[in-house]
Amino acid sequence: MQTKSVPYTFNREGYYYFSRRVPNDLVEHYSYPRVVQSLHTKQYSIARTRAVMLAAKLDEHWSHMRLAHAELPGKHLLKQKSVSFAPSSAAPQVMQSMCLTEAVETYLSLKGAGKPKTFHAAAHRTCGYLVDACGLKQLHEYTRSDALAFRDSLIARGLAGSSITRIFNSVVAVFNFVNSEHALDLKNPFTRVYHDRSAGVSERQPVAVQDIRVVQAKCKELDDEARWLVALISDTGLRLAEAAGAMVSDLKLDQPVPHVVIEPNSYRGLKTSGSKRIVPLVGASLWAAQRIVETCSDAKGPAFPRYNKKGQTNANSASSALNKWLKPYVGEGCSMHSFRHSMRDRLRAVSCQTEMVDQLGGWSHDSVGQGYGRGYELEQLQQYMQAVVLT
């Protein structure tokens, strides 16, 4: 398959590389007449955004270099001992604005520390969308008209309302962070831009209890790594990334109450700080955990090696493959995430208290008081989880 052409790049074995010739008047400052750098991606959209950002950085740097080496007008008229009129390199400069690409890099260097690659990729992708719609500008040059044009361009791309919301939230976050960090005192034109948040968004349905039983039976029949992941989620309500990125050591089967520990690790973080929790293992989830521990070759490694490569959990790959497998066994509109919706309903059906439901699912609290104390004991959680699988 032929790869798409991206300005300032060439393609080698599917990967994009940035390449820019050094201007003739500046080439003497370089050891090589061309700047070449890998963009570390095979995706056209990401490569295009990164190439535009690098090109803009180089243009800005080369402009500073030319000014630094420019001959000062009237320099020959200055008295040798006179320094009062000479420009001082130590004079403080007040930053009035910042280029969009520099703002994104500033945001990622500070807010992106310790965040997964997907966080950085999303910020770069958002920047690319904005550049495509409105051009690459200084922050103060973006107007309300640009914001509205940006919204219209996202709608034209066929993006769902929820996706447009996430993209705008990302732009607003970058703008506000840099504005505050550098005291730019700029008005953010991207705030409160109206769009239909429900457009193109389909309501995710919970998996019916009878369908859960069918899926769990198929998992035990096939008895492989992918099905262990489905079974683990089916009776815990874990998020797919939480389960797929779990370590073998997170499965505590030698305890009085078998459970799984959900906490950040080197392969994946968690959605929120409140997502850190312990969940009792019962029913099909307990079976899956037992199969993982029985067959694992690395007790300190990930529970699902096929979805954890190069030090990162690939939840998107897991989602795509498992949703496709799941489709014949569940109702319309159901996916792997639907098990999480089902668990909320199943806990309601056994009269589980709302605070306990939130604790089991890692959902955010409705009040400050709910965050006080250590929460319910593991034995109490197990009691309701057992009731769920028996219902």
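Me: Let's start with a loop. Where does aspartate 185 sit?
Reply: Aspartate 185 is in the loop between α5 and α6 (209-222). Keep in mind that this is a predicted model.

Me: Is aspartate 185 buried or exposed?
Reply: Its relative accessibility is 74%, so aspartate 185 counts as exposed. Its backbone is worth a look too: phi is positive, about 55°, although the residue is not a glycine. Most residues other than glycine have a negative phi.

Me: Which residue other than glycine has a positive phi near 65°?
Reply: That would be tyrosine 8. You'll find tyrosine 8 in the segment before β1. With 41% relative accessibility, it counts as partly exposed.

Me: OK, and what does β1 pair with?
Reply: Strand β1 (residues 9-12) pairs with strand β2 (residues 15-21), antiparallel, over 4 bridges. One spot to look at is phenylalanine 10, which stands opposite tyrosine 17 in β2.

Me: How many residues lie between β1 and β2?
Reply: There are 2 residues between them, and the two strands form a hairpin. Glutamate 13 is in that turn and has a positive phi of about 55°.

Me: Which strand do 5 bridges join to β2?
Reply: Strand β3 (residues 34-38), which runs antiparallel to β2. Within that pairing, arginine 20 has valine 35 in β3 as its bridge partner.

Me: How many bridges link β5 and β6?
Reply: Strand β5 (residues 259-262) and β6 share 4 bridges in the antiparallel sense. Valine 261, for instance, has isoleucine 278 in β6 as its bridge partner.

Me: What about α12, why is it called largely enclosed?
Reply: In helix α12 (residues 354-361), 6 of the 8 residues are buried, so the rest of the structure largely encloses it. Among the buried ones are Met356, Val357 and Leu360.

Me: What covers those buried residues of α12?
Reply: The cover includes β6, α11 (338-349) and α13.

Me: How many cavities of 30 Å³ or more turn up in the whole structure?
Reply: The search finds 1, and about 90 Å³ of space lies in the largest cavity.

Me: Which residues lie nearest the centre of that largest cavity?
Reply: Leu100, Val104, Leu130, Val171 and Val174, out of 13 lining residues. The elements giving two or more residues to the lining are α2 (100-111), α3 (117-134) and α5 (161-181). By class, the lining has 11 nonpolar, 2 polar and no charged residues.

Me: Last one, the big picture. How many helices and strands does the protein chain have?
Reply: The chain has 13 helices and 8 strands. Of its 391 residues, 42% count as buried.

Terms used. Residues numbered from 1 in each chain as written. Predicted model: local features only at pLDDT ≥ 70, side-chain atom pairs only at ≥ 80, totals over all residues. Heavy atoms only, no water. Pairing = 2+ DSSP bridges. 1 Å grid on protein atoms, 1.4 Å probe; cavity = no way out; pocket = protein on both sides within 12 Å on 5 of 7 lines; lining within 4 Å. Points joined across faces, edges and corners; volume = space filled by probe spheres on them. Nonpolar A, V, L, I, M, F, W, Y, C, P; charged D, E, K, R; others polar. Buried < 20%, exposed > 50% of the residue type's maximum accessible area, 1.4 Å probe, protein only. Contact = heavy atoms within 4.5 Å.
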